[in-house]
Amino acid sequence: MSGSEWSAGASWRFFHSVNSVGKRIESTASLGVVVPGPQLDSGVLASLHRAPGVAGTLATGLASRSQYLWAGIGYTRFAEASEDLRPDTISWSGVYGYRPAKLRRGYGQWDYRGFAEFTGEHTGNVLKSDTILPGSSTTTVWLGPSVLAILKDVAISGGVQGPIFRDASDSIYGREHLRFAINFSYLKYSSHTSSH
């Protein structure tokens, strides 16, 4: 999320299949809340009364010791505040990742992966003073690199993206030149044993 929005959520890995040693297919669902942050939006969005929202995502992919391929889709919806409503957003992404042999390390050392991430989003119309703002629906597509580093149960990732397609009004939204993100995660693993 940008500085204008903060989010917190939980994820559930509901499918996990190991095809061979070091290769697996996984699917994960996430649900979270989005709240206004300290930084204002640009363009007309900066003049809207802001309210919290909810965000859900679904992602699935293949991971091996060296290659990663993931796809995902998400939806964000905000509550109305004083007859203003931020647009709902449908987002999608595709990710290819590579883990170089020289950076594959043991559990007690930093382990690195590099990714190329393709993302897109479509937003609905803005509601301002209970009136739909003409031309406020947008579609944008972004592409850029990111890096993931893992040490034991801690993961840190960061990346940057630039627009490759943009259908949005500058007078309403302003113009985004770059997007960047940094994420910190705690990885909680569970194991199940059974006897027959």
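Predicted model: local features only at pLDDT ≥ 70, side-chain atom pairs only at ≥ 80, totals over all residues.
S1 provides the largest share of the patch, three residues. Phe-14 sits in strand S1, and Phe-14 counts as partly exposed because its relative accessibility is 40%. On this scale, buried means under 20% relative accessible area, exposed means over 50%, and partly exposed is in between (1.4 Å probe, protein chains only).

With 47% relative accessibility, Arg-13 is partly exposed. Apart from its neighbours within four places in sequence, Arg-13 is in contact (heavy atoms within 4.5 Å) with Glu-26, Ser-27 and Thr-28. The C-alpha atoms of Arg-13 and Ser-27 are 5.8 Å apart, although 14 residues separate the two along the chain.

What joins the side chains of Arg-13 and Glu-26? They meet in a salt bridge, 3.4 Å from N to O. This pair links distant parts of the chain, with Glu-26 in strand S2 (residues 23–36) and Arg-13 in strand S1, 13 residues apart. A salt bridge is a side-chain nitrogen of Lys or Arg within 4 Å of a carboxyl oxygen of Asp or Glu. Side chains of opposite charge can pair when their charged atoms come close. Glu-26 counts as buried, because its relative accessibility is 2%. Arg-13 and Glu-26 also belong to a network of salt bridges that includes Arg-24.

The structure holds eight salt bridges. Another of them pairs Arg-77 with Asp-88, whose closest N and O atoms are 3.8 Å apart. Here, too, distant parts of the chain are linked: Arg-77 is in strand S4 and Asp-88 in the loop between S4 and S5, eleven residues apart. Arg-77 is partly exposed at 40% relative accessibility, and Asp-88 is partly exposed at 22%. The side chains of Arg-179 and Glu-176 form a salt bridge as well, at 3.0 Å from N to O.

Ser-66 is worth a look in the loop between strand S3 (53–63) and S4. Is Ser-66 buried or exposed? It counts as buried, because its relative accessibility is 18%. Beyond four places in sequence, Ser-66 is in contact with Gly-97, Tyr-98, Arg-99 and Arg-104.

Finally, a word on confidence. The chain averages a pLDDT (the predictor's confidence in each residue, from 0 to 100) of 88, and 94% of the residues score at least 70. Over residues 190–196, pLDDT stays under 50, and the model has zero contacts there beyond four places in sequence.

Local features need pLDDT of at least 70 and side-chain atom pairs count only at pLDDT 80 or more, while totals for chains, interfaces and linings use all residues. Residues are numbered from 1 along each chain as its sequence is written, and side-chain values use heavy atoms, with hydrogens and water left out.

Key:
Helix = DSSP H or I, 4+ residues; strand = E, 2+ residues; numbered from the N terminus.
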